[in-house]
Amino acid sequence: MALRPFNAPGARLALRSKRASAQFAGARGESEVILDVSRLLSRAFHPAPTGIDRVEYVYARELLARIPDRLAFAAVHPAGGYYGRLSNSAVRQFLAFTAAKWRNAGATDAGEGKAAVIRHMFATRPRPVPRATGPRIYLQVSPHHLDDEAQVGAILRAEGAKLVTLVHDVIPLSHPEFARPQGADEHRRRVRTIDRHATGIIGNSQATIDALAPHMRRGLGGRAIRVAHFGADPADMFANRQEDVPDRPYFVYISTIEPRKNHLLLLNIWRRLVDRLGDAAPVLVLVGRRGWENENVIDMLERGEALRGHVIEAGEVSDNRMQALVAQARAMLMPSFIEGFGMPVVEALAAGVPVICSDIIAHREVGGDAPDYLDPLDGIGWMRAIEQYSQPDAPDRAAQLARIAAWRAPTWRDYFDIVTDLIEEVTASVS
C-alpha cells in the first residue's frame, strides 16, 4: 500500500466527498471518535511498515481530514498498561515523521532515527481522559492488545465508549496450519474480545466477514456491520523514480515470507526456468521481511546457487523503491493460499500493472475480472504464465492491460464514506 505524504495536497483526498460525514454531523448527534494508534507507536523503531501499520496510519490521516474537531487519539503503552489520551498535535507530527521514514527507509542514520523516535514517543506521552459530554466511539483498526479482553473492557469503561473495530482476517482460526504455533490461541482471544465488546465491525472484505461469523458466539446480529475495501492511492504515486531495477524482464512479489504466501512454489518454478533458459530467464524480486516456519524457502534463498542473480530477496524496502519495482514489473505475482484482502493486488492494478494471482475468494472479490487467476497448486500453469508474460509482446499480458483499463480501483474516499456511515449508526444507537 503506497502512502501519500501526510501533509501533501493529496492527503486531503477524503474531503472531496462529504456525503457520509455530513450525515454523521446531522440530527442524530455527534460522537467523539477516539482512534487507537497503539500499533503505530509499538512499531515506531521499525524502518518499514506492515500492511496493518499502513492501514492504521491512513485511518489517522483521513479522519484528521474529515472530522478533526471530533477526533482524539489514545494508545496502550508499548511497555503495557493504558496509555491514555495523546496530544493531537504530537500525533500529527509523529504521523508526518512516520510517513517520511517509510518513504525513505534506511536513508537516515540509525542513531539519529532512533533519537527522533524517542523524541516523538516522549511528545505523545499520556494525558488524562477527559470526562465524556456525549457519545464516544473507540475505534481500533489493528489487532494490537485485542487478545487482552480485560484490558479492552477497562479502556472502554474509562472512556465511556462503544467499540468499533476493523477485522483484517481470521486466518489463524480458519487455517491454523499457516499461523505461528501460538497464533490460533491469540487470535481466538481477539475474536472473543470483539464478540464481547464490539458494537460495530468493519470487514476489509466480505470473505473476512463470512469467515468471522462462525467464530462469534453471540453472532453478528445486533451490531453495525460494514464491508469496506481498502483504497488505493492514485496511479501517479507509482511514477518512475530514481531507483535501480533489474535490467531484464522481472516479476515482483510483495509479502512477508511465511507458509501461506506460497513462496516455495515460485522458487521451484524459477529453478526450472533457470535450468531451461539460463541467463534468459526472467528475474523474481521478493519484497518483504522473513517471517516464520519457512526453513525450506530460506534454504533455497541462501543455498540455491542456481537462483543467484535470478531471484533477488530485496527484504524491507522504502516506499519509493517498492513503487519503482512495481511500476516496471512484467506483473505482480500473488500465489498465496489464503488472504483476508490482498492489498498488493489492488495497488498493482491501480498502478496499471498486471497481476497473476491465486484463484481464491478474497482475490476475486477485490480484483474482479482484471487479473489472471491460477490455482495456487498449479505449478505448470504458473510457470507457463510467467514465461509468457516475460515476452515483450505477450498477448495474455496485453489482454489483461485492456481489462485493467476498465477496472475501477477502490478509493479511500469511498472507504471512509462507509466507515463514517457505520460510526453514525453506532452513534445513533447510544445517543
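Tutor: Helices (H or I, at least four residues) and strands (E, at least two) are DSSP runs, numbered from the N terminus. The model is predicted: local features need pLDDT of at least 70, side-chain atom pairs count only at pLDDT 80 or more, and totals for chains, interfaces and linings use all residues. Residues are numbered from 1 along each chain as its sequence is written, and side-chain values use heavy atoms, with hydrogens and water left out.

Student: In which sense do E8 and E9 pair, and over how many bridges?

Tutor: Strands of a sheet pair through backbone hydrogen bonds, either parallel or antiparallel. Strand E8 (residues 250–254) and strand E9 (residues 283–287) are joined by five bridges in the parallel sense. Phenylalanine 251 has leucine 284 of E9 opposite.

Student: In what order do the six strands of the open sheet stand?

Tutor: The order is E10-E9-E8-E11-E12-E13, with parallel pairing. At the edges are E10 (311–315) and E13 (372–374), each of which pairs on one side only. Neighbouring strands in this sheet are turned against each other by 25° on average, direction ignored.

Student: Which strands do bridges join to E1?

Tutor: E1 (residues 32–36) is joined to strand E4 (residues 136–140) by four bridges, and these two run parallel. Another four bridges join E1 to strand E2 (residues 71–76), also parallel. Leucine 35 stands opposite leucine 139 in E4, while valine 33 has leucine 71 as its bridge partner in E2.

Student: How many of the residues of E1 are buried?

Tutor: Buried means under 20% relative accessible area, exposed over 50%, and partly exposed in between (1.4 Å probe, protein chains only). In E1, four of the five residues are buried. Across the chain of 431 residues, 56% count as buried. Isoleucine 380, found in helix H15 (residues 379–389), is partly exposed because its relative accessible area is 42%.

Student: What span does helix H8 reach?

Tutor: The expected span is 1.5 Å times one less than the number of residues. H8 (residues 183–197) has 15 residues and reaches 21 Å from first C-alpha to last, close to the 21 Å expected.

Student: Which elements do the buried residues of H8 pack against?

Tutor: An α-helix has 3.6 residues a turn, so residues three or four places apart point the same way. Among the buried residues of H8 are His187, Arg190, Val191 and Ile194. The buried residues of H8 pack against helices H6, H7 and H9 and strands E5 and E6.

Student: At what angle do H6 and H8 pack?

Tutor: Axes are lines fitted to C-alpha atoms, for helices over the stretch in contact, and angles run from 0 to 180 degrees between N-to-C directions. H6 and H8 pack at about 35°, with axes 9 Å apart. A crossing is left-handed if the near helix is turned anticlockwise from the far one by less than a right angle, and right-handed if clockwise. The crossing of H6 and H8 is right-handed. Contact means heavy atoms within 4.5 Å. Glu149, Val152, Gly153 and Leu156 of H6 make the contact with Thr193, Arg196 and His197 of H8.

Student: Is the crossing of H10 and H11 left-handed or right-handed?

Tutor: The crossing of H10 and H11 is left-handed. The axes of H10 (residues 263–277) and H11 (residues 295–303) come within 9 Å and cross at roughly 30°. His263, Leu264, Leu267 and Asn268 of H10 meet Asn296, Val297, Met300 and Leu301 of H11.

Terms used. Two strands pair if DSSP finds at least two bridges between them.
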